[in-house]
Structures are given as C-alpha cells and as structure tokens.
Amino acid sequence: MQKAAPPSPTSSRSSNIFQVAMEAGVSITTVSHVFSGKRQVSEETRRRVLAVAELLDYKPRASARALATGRSMTIAVQHWLSGPEYALSPFFGAMLTSMSEAAIGAGYSFIFVPADPSPDVFVTPLIGERRIDGAILIDPVPGDVFVDAVIEHKLPTVSMGRVEGHPEKLTVDHDHARALAGVLEHLGSQGYERPAMLSLVAETSYVADMGAAFERLTAAGSPLLAAAEFSERSGYELGLELLEAPDRPDAIFCVNDVLAVGVARAASERGLIVPDELGIVGVGDSPFARDAPVPLTSVRLFPERAGRLLLELLEAVLAGGEHEPDSPDPIPTELVVRASTVRR
C-alpha cells in the first residue's frame, strides 16, 4: 500500500492524530502515549512520531494536554440564579462570554452547574470522581449543596464575591461600598433627601455589602426592603409599598436594573413624575435600564473584566507554584447618569 503524501503547508491546519499515526506507521494510541508521557515508547518511535508531527504542524488538542498533566481540562461554573431569573441577568451572560474566550485560549471547557443541584447528577460525578479540575462560583450562597461540596473536598475554587465563612477563598469582586457612595452623592447633588433601597432576599456577599453600605451611609431608619424574587414584578410590588408609605422616599436605589424597572412602573401607576418627584437608580447598566420609558441611571459593573479575571485566577491556582496568587483589587464601577435622576 502506498503511503499517503504529507499534507501541503496550506492544509497543515487540518492535520490530526490519525494523519500523524499513518505517516509515522504507528497506531493513534502510540501517538497519544508520545504526547501524554503516560506510557513508555521506544526512543526511536518517539522521535519518528515527533518528527512527523512537526512536519504536519500537528498540535495536540486539550485532551492530549489533559493526559499529559493528569487534568480533565474542565471547569465547573455555578451561578446562584437559575431558571427564568438566570435569563434576566445580562451581567452573567456578558461575564460568561469573556470567561469562555479566556478558557478557550487556555484549553479549558466548562460545565454549567445549576443552583442547589442534584448531588447524584452534579456533586458525586464532578467532585467525588474528580471529573473537573476546579470551580468558579458566581455569588455563592452558603448551604448550596455544590458550594458545600467544593469546600469540603478542597477543590481549587475562585468566586465572584465571597464564600461566606471562608475568607481564605480567592475572589474577584467590585467595590460595592464605593459604588453606593457614588450613587448617594449623585442623588444628593440633584436634591434628593430621602433615599430608600430595594435589595434581594439572597445570602450573597454582594447583597450583604450593598445593604451594609446603605445603612452606614444613610440616616437611621432609611427604608430598606428585600425582594423575594429577581423580577420586575417584585420591584413593582415593593415599589408600591415604598411609595404608599406616609413618608415616602424621594429616591429609590435598586440592587439591579430589573427591580428598578418594576419600581418605575409602580411610580407611573401612582402618577409620580420621574425624576421630578422620584429618582430611580439600578445596577448593571443593562438594556433594561437603557430602554426604559424614562432611561434609568445605573451602576456599570464591567462583567467582561470580571470574567477574564476569574478564569486567569483559577488558572494560576491550577498551575501551582511556590506561592498561591492573591485576590485582585476590587474592580472599579462607573455611575451612568440618565434621565431618571437628573432634575431640571
């Protein structure tokens, strides 16, 4: 049988392990052993395989790298939201895109883990059997079965926001206290005097930090309500509750744009003019804020930068070394001022 000619330089991109095996006169298993180093191969065969691979410009895939390093080259990503609420989070979508781009460059793939998943489906196979190298947790919630398992098994992990009770975990985060201070300063400059805050019933460090900053920076007794759902409806219902109070606030800060849109609908129903009678601020600088009937002032969070930092931080942990990396400095935010808070 005549041996096939090596591919031309223009077709070398398509070279694969089958072509290398054929040109070197060995099995694909032997080629895999040469690149993984897991099994002994004669020196003569090893040199022949490497020479053919160089001639064909063959690059082992991530699977070969996994064999060589003993890793799966797979990372689990978990977000505390799930279902319809997850679809309402433009922040996570933008962050996941940039994280994915960085992962592709580093040779990793992702498995998405839902909030509080089935242990038999996600915990035992992924963590117990070590099918993943590490995990990225987005706003982790204490008591979640996956979060608890990650900590118990000491799986290499980084998170967006703190893992409460485990300050040693490496985190990427925004400077929430400074962001809220900027919001209150802007509201004050526009003459608003009675701010309220609309938060979420969620045990995430983001919600905790925003609430603590609001209580520290505003007058005692300033209204702070927590929505049970990440939804416009929740923002609307709690917005009505705030606006029907005897001493109603003249500005409402919401911890995300979705809630802020609900508050704007409540204000419209009550006949309040935004921004003259009520200022509204959200977080996320999302299309929900930009496309509202009265465009909403919002805190921009830069999710793309957060996604890259999370992947790079976990990659540094997995690479090992004498010193473990430190958590990066908090990511700055930017207040995007729109019509919902600019009084004439």
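The model is predicted, and local features need pLDDT of at least 70, side-chain atom pairs count only at pLDDT 80 or more, and totals for chains, interfaces and linings use all residues. Residues are numbered from 1 along each chain as its sequence is written, and side-chain values use heavy atoms, with hydrogens and water left out.

## Helix H12

Asp257 is also one of the buried residues of helix H12 (residues 257-269), the others being Val258, Leu259, Ala260, Val261, Gly262, Val263, Ala266 and Ala267. The 13 residues of H12, at 1.5 Å a residue, should span 18 Å, and the end C-alpha atoms lie 19 Å apart, which agrees; the expected span is 1.5 Å times one less than the number of residues.

At the N-terminal end, H12 is capped by Asn256, which places a side-chain oxygen 3.1 Å from the backbone nitrogen of Val258. Just after the helix, Gly271 adopts a positive phi of about 75°.

Strand E6 (residues 195-200) is mostly covered, with six of its six residues buried. Pro195, Met197 and Ser199 point one way from the strand, while Ala196, Leu198 and Leu200 point the other way, and all are buried.

E6 pairs in the parallel sense with strand E8 (residues 251-254) over four bridges, and with strand E7 (residues 224-227), again in the parallel sense, over four bridges; two strands pair if DSSP finds at least two bridges between them. Leu198 has Cys254 as its bridge partner in E8, and stands opposite Leu225 in E7. E6, helix H10 (residues 205-217) and E7 together make a right-handed β-α-β unit, a crossover being right-handed if, with the strands pointing away from the viewer, the path from the first strand over the helix to the second runs clockwise.

## Aromatic rings and charges

Rings of Phe, Tyr and Trp (its six-membered ring) pair if their centres lie within 6.5 Å, with planes under 30 degrees apart counted as stacked, over 60 as edge-to-face and the rest as tilted. By this rule the count comes to one aromatic pair. The ring centres of Phe92 and Phe112 are 6.0 Å apart and the planes stand at 45°, so the pair is tilted. Because Phe92 lies in helix H6 (residues 90-106) and Phe112 in strand E2 (residues 109-113), the pair ties together parts that are 20 residues apart in sequence. Phe92 is buried at 0% relative accessibility, whereas Phe112 is partly exposed, with a relative accessible area of 37%.

The charged end of Arg343 sits over the ring of Tyr192, 3.8 Å from its centre, and Arg265 lies over the face of Tyr236, at 4.0 Å from the ring centre; the criterion is that NZ of Lys or CZ of Arg is within 6 Å of the ring centre and within 35 degrees of the ring normal.

Key:
Helix = DSSP H or I, 4+ residues; strand = E, 2+ residues; numbered from the N terminus. Buried < 20%, exposed > 50% of the residue type's maximum accessible area, 1.4 Å probe, protein only. Polar contact = N/O pair within 3.5 Å; in protein donor to acceptor, adjacent residues only side chain to side chain.
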